[in-house]
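Please view the sequence together with the fold.

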Amino acid sequence: MLNTPPLSNLQTRDIESVLHPYTPLHKLNTTGTLVISHGKGVHVYDTQGRGYIEGMSGLWCAGLGFGDEELIDAATEQLRSLPYYHLFGAKGTESAIELAEKLKEIAPVPISKVFFTSSGSEANDTQVKLAWYMNNALGRPNKKKIISRMKAYHGVTIMSASLTGLPYNHIGWDLPVDRVLHTDCPHYYRFGQDGESEADFVRRMAQSLRDLIEREGPDTIAAMIAEPVMGAGGVIVPPRGYYKAIQEVLDEHDIMMIDDEVINGFGRTGNWWGSQTLGMTPKTISAAKQLTAAYAPLGAVMVPEDVYQAYVDHSAEIGTFGHGFTYGGHPLGCALGVKAIEIYQKRDIVGHVRTLSPHFEARMKKLNDHPLVGETRYCGLVGGVELVADKKTRRPFDPKQAVGAQLVKFLEGHGAILRALGDTIAFCPPMVITEAELNELFDRFEKALADTEALVSKEGLRAAA
């Protein structure tokens, strides 16, 4: 539907050599790719010199923006002293030790040990293995199933993609695997029943979880995993009281809560952790993305002392703790994690997010008046705008029309980058963004929204299928 210019030499080379994730591969020869050359602050620039406000922090992760000199200096210093070492066989590095100590200090619940991975997917994959390992150590070999939620996103390894509750992560991939269960998505706007209050919706979500557990057998279920605010599933903020109600059900059946903070952590929701903002009480925690402000890959799993002791006991029985990654705890990533946390603290990034949040919320709410917008959702400096064909009935567009993707393409033309999650447009700007830059991002989004409305009207895309 959009006119695209001829592909540049670099775009052609890209398409001929790179396999792009989360991309309609069949359209690439027509649409081309947006090749980014450099970034500074909240802006990135393509190879033609055009600038864009990066309204997604890359992929929810560049919380301190681009080109931060303190992070660059920390990386350079670490590369000069120790560019690589590992943690296998009782080896250690100073940066891994220091980062583990910092994570323990700021964790929302008491934490004893930190296990490092290379990504959030690896962290959540590890969470499942550790839950199995722990229950074997405790003599509960059948307590192995993991509950996730529809529309959850927990990664793309075989197990973490199975935990993910999105069709495109399962269709064609022979997923999900066994031992993974999915309970209801806590999205009141989309899944609330006629006449049902939010409180009634929460009670129904809790009862549905209880029914699932009792149907499967609580002695077969090890854990439930949840993002405080659900990210790639559409920036879904559960109703007030949801996690308290869920936790009561889990406690009743001796099922632990795994907190996936990969998107939520390090100030994004207005607290250090999304669990603090949303009222979760986790047993173990996954972190990544803003852990290093995205300046190097790194993930982490945080566990309490009683869980760790189960690992120790099983290690004694088997002879070793047989899990780890070559790059888990990479000195570069850990040094950047230490520096990122220092910056979050000394620049009071959490306070900055709280200061900007009311303005972010106000600009989001303003969008609710637009004929294309069904609902806006927000928490701290993360939000989503859901596009609908019919505001009154909440009827969505036909997914094949790719209205959200069209809007994002229009937005690039106005000099900003956001992400279409189906027909929900996600906002996750760098946490260092100023109020003026935030206004500019929303102003450009409103122009793209107007372009999309014109396209929808012209092409008759609101017509029911």
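The text below treats the strands, their pairing and the cysteines.

The model is predicted: local features need pLDDT of at least 70, side-chain atom pairs count only at pLDDT 80 or more, and totals for chains, interfaces and linings use all residues. Residues are numbered from 1 along each chain as its sequence is written, and side-chain values use heavy atoms, with hydrogens and water left out.

Strands are DSSP runs (E, at least two residues) numbered from the N terminus, and two of them pair if DSSP finds at least two bridges between them. An open sheet of mixed pairing consists of four strands in the order 1-2-3-13. Strand 1 (36-40) and strand 13 (416-417) each have a single partner strand at the edges, so one side of each lacks a neighbour in the sheet. Within this sheet, H43 lies opposite I53 of strand 3.

| Pair | Bridges |
|---|---|
| Strand 2 (residues 43-46) and strand 3 (residues 51-54) | three |
| Strand 12 (residues 382-387) and strand 15 | four |
| Strand 14 (residues 419-421) and strand 15 | three |

In strand 15 (residues 424-427), T424 and A426 on one side and I425 and F427 on the other are all buried, that is, under 20% relative accessible area with a 1.4 Å probe, protein chains only. A426 faces G384, while I425 is the bridge partner of A420. Two residues separate strand 14 from strand 15 in a hairpin, where G422 in the turn has a positive phi of about 65 degrees.

Zero disulfides (pairs of cysteine sulfur atoms within 2.5 Å) are counted. For C185, the nearest cysteine sulfur, in C379, is 15 Å away; C185 is buried at 5% relative accessibility.

Methods:
Buried < 20%, exposed > 50% of the residue type's maximum accessible area, 1.4 Å probe, protein only.
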